[in-house]
Amino acid sequence: MALPKVGYPTYELDLPSTGKKIKYRPFVVKEEKVLLLALEGENEDEIKIAVKDLIKNCVLSRIKVDELPSFDLEYIFLKIRAASVGEVVNMTITCRDDGKTQVEHNIDLNQLQVTKPEGHSSKIMLNDTTGMIMKYPSMDRFVENEFLNKAIKTDDVFQFIADSIDQIFDDESVYDSSTTTKKEKLEFVESLTAKQFESIQKFYETMPKLQYSFTVKNPNTGVESEYIIEGMQNFLA
Amino acid sequence: MVFQNSLEGYYKTNFALMQYHKYSLTEIEALMPWEREVYVALLKQYIQEEKQKAEAAASQ
């Protein structure tokens, strides 16, 4: 937990995953520089460290930032950004109907909310008795997706899913990281059927996400088009 | 962009504030980014007003 900085305003937000209130402060020019330097260098480790440090420094409440799901981190980061740089992000939208007319559109970051699709659950039943409790992607994954544009390779998918398993259970026992090795989890994932994989895919597809939809009217043709943007990178692109 | 500034813009703005307007780097780095934008906007407004005054005085 970062020490409070005297002379800066503090704000509160509700964590989308738990509803818990956390306090945060805006970042200052010096902290902006650290992230700008890291982004300019394009070094993966430096960017991860810079983003982690920025969030850890600005969150004043006692929470484990490393363990938060990515949508919580996206939400926190956008809130910190809104308090530090400004609440309005100006975007230039290319109208879909003619593909060339450009329209300015302002997004108020305070209006952004994390949407939770109905029926989404972190508990995945693989058959009548056996199932898994999944964890949401970690902070490292969040940084890779949002700042490094790093796509997941096919070979990494099994590894990624194995890392995301919190618990495996059957009608007799619960297996978590204290009783199961990473290798065992990986072997378990590799033994799943295509149908069982679909359930896992559904978990990721219906994960809560930061989403904003809006319509833009083409001033030349009068045609309205709907746009949906998701994830922090899209908001700030 | 995650931030309004690029790294180049960041250094240019800070340099101009230090070189022409007597800010110290410590003061600038302790500001919030939106605060620095406010000061830059106010400075622009001040320079514009001074320019107009000078032009008015020169034309008389």
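A:Thr94 is placed in strand β3 (residues 88-94) of chain A, where helices (H or I, at least four residues) and strands (E, at least two) are DSSP runs numbered from the N terminus. The structure is a predicted model, in which local features need pLDDT of at least 70, side-chain atom pairs count only at pLDDT 80 or more, and totals for chains, interfaces and linings use all residues. Residues are numbered from 1 along each chain as its sequence is written, chains are lettered from A and ligands numbered from 1 in the order in which they are written, and side-chain values use heavy atoms, with hydrogens and water left out.

With a relative accessible area of 34%, A:Thr94 is partly exposed; buried means under 20% relative accessible area, exposed over 50%, and partly exposed in between, with a 1.4 Å probe and protein chains only. Apart from neighbours within four places in sequence, A:Thr94 is in contact with A:Gly99, A:Lys100, A:Thr101, A:Gln102 and A:Tyr227, contact meaning heavy atoms within 4.5 Å. A:Asn218 is 124 residues from A:Thr94 along the chain, yet their C-alpha atoms are separated by 9.0 Å.

Chain A also contains a hairpin of β1(A) and β2(A). Strands β1 (residues 11-14) and β2 (residues 21-24) of chain A run antiparallel and are joined by 4 bridges; two strands pair if DSSP finds at least two bridges between them. A:Leu13 has A:Ile22 in β2(A) as its bridge partner. Between the strands of this hairpin there are 6 residues, and A:Gly19 takes a positive phi near 80°.

A further set of strands in chain A forms an open sheet. Its 4 strands follow the order β6-β7-β8-β9, with antiparallel pairing. The edge strands are β6 and β9 (174-176) of chain A, each of which pairs on one side only. On average, neighbouring strands of this sheet are turned by 20° against each other, direction ignored; axes are lines fitted to C-alpha atoms, for helices over the stretch in contact, and angles run from 0 to 180 degrees between N-to-C directions. In a regular strand the side chains alternate between the two faces of the sheet.

The sheet can be followed pair by pair. Strand β6 (residues 123-125) of chain A is joined by 3 bridges to the antiparallel strand β7 (residues 131-134) of chain A, and A:Lys123 has A:Ile133 in β7(A) as its bridge partner. A hairpin with 5 residues connects β6(A) to β7(A). Strand β7(A) is in turn joined by 4 bridges to strand β8 (residues 165-169) of chain A, again antiparallel. Here A:Met132 is opposite A:Ile168 in β8(A), and A:Met134 is opposite A:Ile165 in β8(A). Helix α7 (residues 194-205) of chain A lies across β6 and β7 of chain A and runs at about 20° to β7(A).

A:Lys135 belongs to the loop between β7 and α4 (139-146) of chain A. Its relative accessibility is 37%, so A:Lys135 counts as partly exposed. Leaving aside neighbours within four places in sequence, A:Lys135 is in contact with A:Asp163, A:Ser164, A:Ile165, A:Asp166 and A:Phe203. A:Glu67 lies 68 residues from A:Lys135 in sequence, and the two are 9.4 Å apart in space, C-alpha to C-alpha.

Chain B has 3 helices and 0 strands, and its elements run α-α-α from the N terminus on. Its radius of gyration is 14 Å, well over the 10 Å that the globule rule gives for 60 residues, so chain B is more spread out than a compact globule. The radius of gyration is taken over C-alpha atoms, and the globule rule is 2.2 Å times the number of residues to the power 0.38. Along the principal axes, the C-alpha atoms of chain B fill a box of roughly 50 × 25 × 20 Å. Of the 60 residues of chain B, 27% count as buried.

The two chains meet through helices. Helix α1 (residues 29-41) of chain A packs against helix α1 (residues 7-21) of chain B at an angle of about 145°, with the axes 9 Å apart. A:Val29, A:Lys30, A:Glu32, A:Lys33, A:Leu36, A:Leu37 and A:Glu40 in α1(A) meet B:Leu7, B:Tyr10 and B:Tyr11 in α1(B). By class, this contact has 6 nonpolar, no polar and 4 charged residues; Ala, Val, Leu, Ile, Met, Phe, Trp, Tyr, Cys and Pro count as nonpolar, Asp, Glu, Lys and Arg as charged, and the others, Gly among them, as polar. A:Glu32 counts as buried, at 2% relative accessibility.
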